[in-house]
Amino acid sequence: VIGLGAGPCDKQEVNAAAADRGRNLYATECVNCHGALARGTDLGANLVRSLVVLHDRVGSELGPFLKKGHKTQSGKSSASFTEAQIADLSHFLKQRVNDALRGSPLFQPNNVLVGDAKAGEAYFRGEGKCAGCHSPTGDLAGIAGRMSPIQLQQRFVFPSGGGRGRGGPAAATARRTVTATVTPASGTAVTGAIVMLDDFFVTIRDSSGELHTWKRTPAVKVVKNDPFQAHIELLDKISDKNMHDVTAYLETLK
Amino acid sequence: VKSKLSFVFLAGCLLYGQPGLNNAKLGQPPTDSWPIYHGDYSGRRFSTLTRINANNITSLSLAWAYRMTAGGSGIKATPLMINGVLYFTVPDHVWAVDALTGREIWHHQWTNTGGIHIGNRGVGAYGNWLYYETPDCHLVSLNMKDGSERWRKKICDLDQFYFGSVAPIIIKNHVIAGMSGDDLDTPGYLESHDPETGELQWRTYTVPMKKGDPGSDTWPSIEAASHGGGMTWQPVTYDPELNLIYVTTGNPQPVIAYKNRPGSNAYTGAIVALNADTGKFVWGFQSSPHDTHDWDSTETAVLIDDVVNGHPRKLIAQAARNGHFFVLDRANGKAVVSSEFVKTNWSKGYDAKGQPIPDPEKMPQVAGALVTPNQGGAANWPPPTFNPATGLFYVNASRAFSIYYLYDLDENPQGWGGTDQGGYSESMLQAIDYKNGKIRWSHKWEGGGRSGLLSTAGNLVFCGGPNSAFVALNATTGEALWHARLTGPVSNGPITYELDGTQYVIVASGDTLWAFAMYAK
């Protein structure tokens with residue numbers, strides 16, 4: 001994960017037990033001004049963006065800062081904090097910095113079930129033309145029991161997965177075999193799964209497993225067949241409301 | 001930190017390359033050298049050479065291949081070629097390779113102390129010296145002759161998760177260094193260093209750091225602005241007559257979650273013109289105002305010299321990551337053309353400045369927003385090319401969809417706060433008429449085709465295609481004319497030069513640099 005892998009080699013690794021102890025000290029002395037996530041309030045600075053915190057190594061910067069004396073909730077001088085307390089506080093604050101990074105425990109989707117299942121069913125059977133290929137009592141029976149809501153959403157919008165989304169595919173992808181029928185200048189047409197296709201060559205594997213390669217010329221006709229073509233065409237048509245509604249409908253198929 | 005050097009001297013081999021760069025070549029069209037990231041300051045990546053052309057391209061031969069001897073990531077750098085020697089990088093490594101034979105001359109290795117090693121764009125050259133950035137935030141000068149270190153200067157803070165990846169550009173006595181990083185909420189900036197001593201000459205932030213700075217009125221507070229991103233990921237372009245640097249800037253921070261940064265967030269997602277000697281802001285144009293999709297606008301801003309009614313007109317063009325194409329007057333930043341180079345679904349027309357107006361409904365949502373382009377963008381860092389002979393701007397493009405989710409629902413989100421997932425994409429090389437933004441021709445790739453480009457007066461566009469092919473297209477029609485199957489996808493922008501009467505084309509795929517030559521007479 002890029003976010004958690006960023007920064008210097010000697011960056012502080014968070015000790016979870018120490019961070020938990022630091023959380024208690026933070027709740028007692030700091031939270032009112034700096035906020036629950038240490039992102040600051042009108043009363044105190046954002047500590048996630050604080051250079052003192054970012055440059056700190058288990059109290060190396062935080063310690064001298066607090067030893068100068070800093071206002072606390074209890075009124076107790078921060079100069080009285082022990083080295084162990086400062087180290088714990090450092091781990092807690094580093095944990096809050098890490099919250100902001102890709103791959104952190106907080107870097108998770110929320111509830112995507114905001115749609116209207118009935119409207120989703122209507123779209124499924126109507127405008128979306130989904131029912132032409134899929135059935136809630138056939139291939140989709142019980143699908144909500146096998147996938148999370150976000151996986152259902154990803155699967156029906158992008159059945160083949162792939163793409164370049166930074167979060168990656170959220171669902172186990174469906175098997176997609178794109179085929180081509182190749183008709184050479186002389187000879188019979190051959191249909192098979194595309195192994196390679198570009199401006200210069202086409203290679204397909206026929207049903208017997210045999211590979212066929214042709215140099216591409218104007219005389220060599222190539223017709224592609226993508227089983228997910230209807231899903232691809234949907235991308236330019238479906239609204240976000242439709243997408244949320246269909247997700248809600250699919251969630252009912254348990 | 002110590003740098004290690006390894007040398008392979010070629011006994012008895014007379015190299016072109018031991019004299020340094022004639023710095024005057026930095027401002028000239030590249031023919032017998034490729035002395036700067038884009039070939040010259042314009043960003044055009046256009047060569048006037050014609051020994052390789054659309055009529056004889058099928059006779060192009062493999063001259064040599066050099067497989068790098070160290071380094072963990074692929075070659076994304078554009079090599080420089082100076083006096084018969086190629087200089088290129090991957091993170092923590094610099095090589096000098098004989099441009100005629102592909103033999104290694106020297107290899108410099110940096111001992112790193114961290115930073116993201118996602119890629120390195122290459123070296124800059126000035127006189128006898130090379131300059132490169134390290135992932136752990138150093139600008140380093142090397143002796144061109146043997147790769148020995150001359151000086152190093154810290155240019156950023158690893159603890160704020162900045163890192164170095166940008167190829168420095170040398171303008172007069174300025175080494176211009178950009179910054180990388182978008183994990184934490186930090187401000188982007190550009191630095192100028194003395195090429196002899198490495199001392200900092202100026203630093204210009206791309207976002208307001210205090211009240212009254214350019215763009216201050218587009219942020220809710222200086223706290224938000226001064227942590228607002230806008231990294232300078234790409235080598236700059238430059239107009240010597242106007243003495244303006246054109247720096248393209250990255251996305252705002254937080255990247256996806258946007259609740260704490262209402263406004264257009266200037267000058268993130270923008271083309272910004274700076275005085276080359278002072279770094280002073282002159283004008284800015286936001287290609288992606290208030291971006292919420294990680295669409296930096298760091299794609300190369302290419303200088304185009306037009307003539308309208310007999311009068312010269314200085315333009316600058318960009319095919320931005322968000323799918324929109326812009327042509328501006330480069331003296332003042334006024335838009336001349338705003339259009340799409342692939343179909344998108346996230347904006348609602350253009351404002352009075354010609355900047356896209358984001359559609360709030362297509363900003364990331366908790367339950368997902370289906371958006372095109374995806375986070376990878378309609379274009380990305382691989383450089384485009386402009387061919388003055390055809391009047392076409394070429395860019396390897398993607399039409400891609402993904403769903404953007406909002407994760408961090410706090411009133412004051414930090415870092416990323418969301419992402420996109422999944423997706424579908426199609427790739428094509430778009431040839432754009434810069435005068436009106438219309439697509440003259442589109443060459444669809446069956447599969448991926450994201451690479452940097454090179455165009456030549458031989459009526460050719462060199463590019464990466466699917467199935468690890470290095471492809472030459474007819475620059476006028478888009479017809480595929482020639483290809484060579486490499487060991488991996490093209491991973492950089494190709495270059496060309498002429499040595500001893502032979503024209504070469506150099507391209508990288510992963511860990512290998514390939515040289516093709518026209519030996520046919």
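Predicted model: local features only at pLDDT ≥ 70, side-chain atom pairs only at ≥ 80, totals over all residues.
**View 1. The contact between chain B and chain A.** Chain B contributes 69 residues and chain A 58 residues to the contact (heavy atoms within 4.5 Å). Together the two chains bury about 5100 Å², of which 55% lies on carbon and sulfur atoms; buried area is the accessible area (1.4 Å probe) lost by two parts on being put together, summed over both. B:Asp159, B:Tyr407 and B:Gln414 supply 13% of the area that chain B buries against chain A, more than any other three residues.

**View 2. A salt bridge across the interface.** B:Asp182 forms a salt bridge with A:Arg102, with 3.7 Å between the closest N and O atoms. The interface of chain B and chain A holds 12 salt bridges (a side-chain nitrogen of Lys or Arg within 4 Å of a carboxyl oxygen of Asp or Glu).

View 3. Strands β22 (residues 324–329) and β23 (residues 335–340) of chain B pair in the antiparallel sense over five bridges; strands are DSSP runs (E, at least two residues) numbered from the N terminus, and pairing requires at least two DSSP bridges. B:Phe326 stands opposite B:Ser338 in β23(B). Five residues lie between the strands of this hairpin, and B:Gly333 in the turn has a positive phi of about 80 degrees.

**Notes.** Residues are numbered from 1 along each chain as its sequence is written, and chains are lettered from A in the order in which they are written. Local features need pLDDT of at least 70 and side-chain atom pairs pLDDT 80 or more, whereas totals for chains, interfaces and linings use all residues; side-chain values use heavy atoms, without hydrogens and water.

Methods. Helix = DSSP H or I, 4+ residues; strand = E, 2+ residues; numbered from the N terminus.
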